[in-house]
Amino acid sequence: MTINEIIINLADELVGNETARLEVKMLIKHILNIDEINLVLKYNDKMDEESYEKLIGLHKRLKDGEPVQYIINKKEFMGLGFYVDENVLIPRADTEVLVERILEDEKNDNKVLDMCSGSGCVGISLKKYNSQLEVTCADISDKAIKIGKSNSVSNEVDVKFIESDLFINIDEKFDIIVSNPPYIKYSEYIELENKVLDHEPKLALYADENGLYFYNEISKQAKEYLNEGGRLYFEIGYNQAEEVKNIMKKNSFYNIIVERDLKGKDRVIYGTLK
Ligand SMILES: C[S@@+](CC[C@H](N)C(=O)[O-])C[C@H]1O[C@@H](n2cnc3c(N)ncnc32)[C@H](O)[C@@H]1O
């Protein structure tokens with residue numbers, strides 16, 4: 001069988017999955033260690049037996065519902081490559097809006113705290129595209145911290161990582177705090193697709209207080225960890241803008257702005273400390 005025939009056959013076995021072809025191609029590129037152009041150039045070639053067997057093994061995991069990014073241990077975010085496994089959330093394209101907003105706003109050599117950093121995708125991208133920023137990432141999960149550190153090395157940026165339950169181990173002040181915290185309430189969490197529910201860490205997704213626990217806590221505590229005039233940026237769920245705005249107002253933030261993602265849904269909220 002040629003590589004093109006293999007793609008067609010294996011994608012067919014993933015019926016109902018719109019991205020099947022794309023995902024099978026991702027597996028093949030990963031196994032053969034080639035990019036998209038070189039894959040296309042190999043469409044009419046045969047695949048060697050060892051690679052094919054490996055592919056069948058990975059394809060089985062795909063059929064069983066594992067996200068392709070965990071199978072190949074890679075996700076692209078802001079044009080950068082991030083190692084991911086089941087200890088960290090797979091960075092979402094929507095989160096790029098958060099990073100882009102801060103990059104547009106911040107032209108100075110400000111200190112930034114990425115709270116709830118997971119793979120480190122937010123903090124590392126900020127540092128990569130604005131080397132003047134001094135970036136610290138914090139996460140409660142030691143495994144996420146380890147992954148974040150290795151992602152900072154592979155992306156060649158100098159970012160500090162601190163294992164911390166929110167601000168417990170943070171002992172300095174920042175000009176900007178950014179966070180994409182867990183924000184899914186219980187009733188929505190249990191309705192998530194199996195791919196997410198069975199594989200992505202609950203610690204990264206679910207939040208008490210109707211999904212608002214982290215917005216409440218971070219807004220309340222951020223005052224102590226922000227310099228005067230400092231800013232707080234959050235990613236939010238599509239239906240949380242009003243509630244998070246009120247939380248931020250209650251905690252002395254003003255000039256609060258909500259921004260939408262590429263699908264037109266509320267995704268980012270930010271404000272300045274009085
Ligand atoms: C939605 S994920 C975001 C990860 C990453 N920033 C991103 O955008 O892909 C939330 C992260 O919050 C972390 N987390 C959960 N509870 C926490 C806590 N109490 N303190 C610090 N981090 C926490 C999780 O380990 C997870 O990595």
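Which residues come nearest to the ligand?

**View 1. The shell of residues around the ligand.** Of the 21 residues around the ligand, those that come nearest are Cys116, Gly118, Ile140, Asn180 and Ala204, where a residue is near a molecule if its C-beta atom, placed from the backbone, lies within 6 Å of it. The model shown is a predicted one, in which local features need pLDDT of at least 70 and side-chain atom pairs count only at pLDDT 80 or more, while totals for chains, interfaces and linings use all residues. Residues are numbered from 1 along each chain as its sequence is written. Sorted by class, the shell holds 13 nonpolar, 6 polar and 2 charged residues; here Ala, Val, Leu, Ile, Met, Phe, Trp, Tyr, Cys and Pro count as nonpolar, Asp, Glu, Lys and Arg as charged, and the others, Gly among them, as polar. At least two residues of this shell are supplied by each of α7 (121-129) and α11 (202-205), helices being DSSP runs of H or I with at least four residues and strands runs of E with at least two, numbered from the N terminus.

**View 2. The two domains of the chain.** The domain assignment, which is automatic or from a database, gives domain 1 (3-64) and domain 2 (78-273). The centres of domain 1 and domain 2, taken over C-alpha atoms, are separated by 34 Å.

**View 3. The largest nonpolar core.** This core has 53 residues, and those with the most contacts inside it are Val112, Ile177, Val178, Leu232 and Tyr233. A nonpolar core is a set of buried Ala, Val, Leu, Ile, Met, Phe, Trp, Tyr and Cys residues joined through C-beta atoms within 7 Å; a residue is buried if 20 or more other C-beta atoms, placed from the backbone, lie within 10 Å of its own, exposed if 12 or fewer, and partly exposed in between.

View 4. In α1 (residues 3-12), the buried residues are Ile3, Ile6, Ile7 and Leu10. Because these residues cover an arc of only 100 degrees around the axis, they lie on the same side of α1, the arc being that of the directions from the helix axis to the C-beta atoms. The exposed residues Asn9 and Asp12 are carried by the face turned away from the buried side of α1.

**View 5. Phe253 in strand β8.** Phe253 is found in β8 (residues 253-260) and counts as buried because it has 23 C-beta neighbours inside 10 Å.
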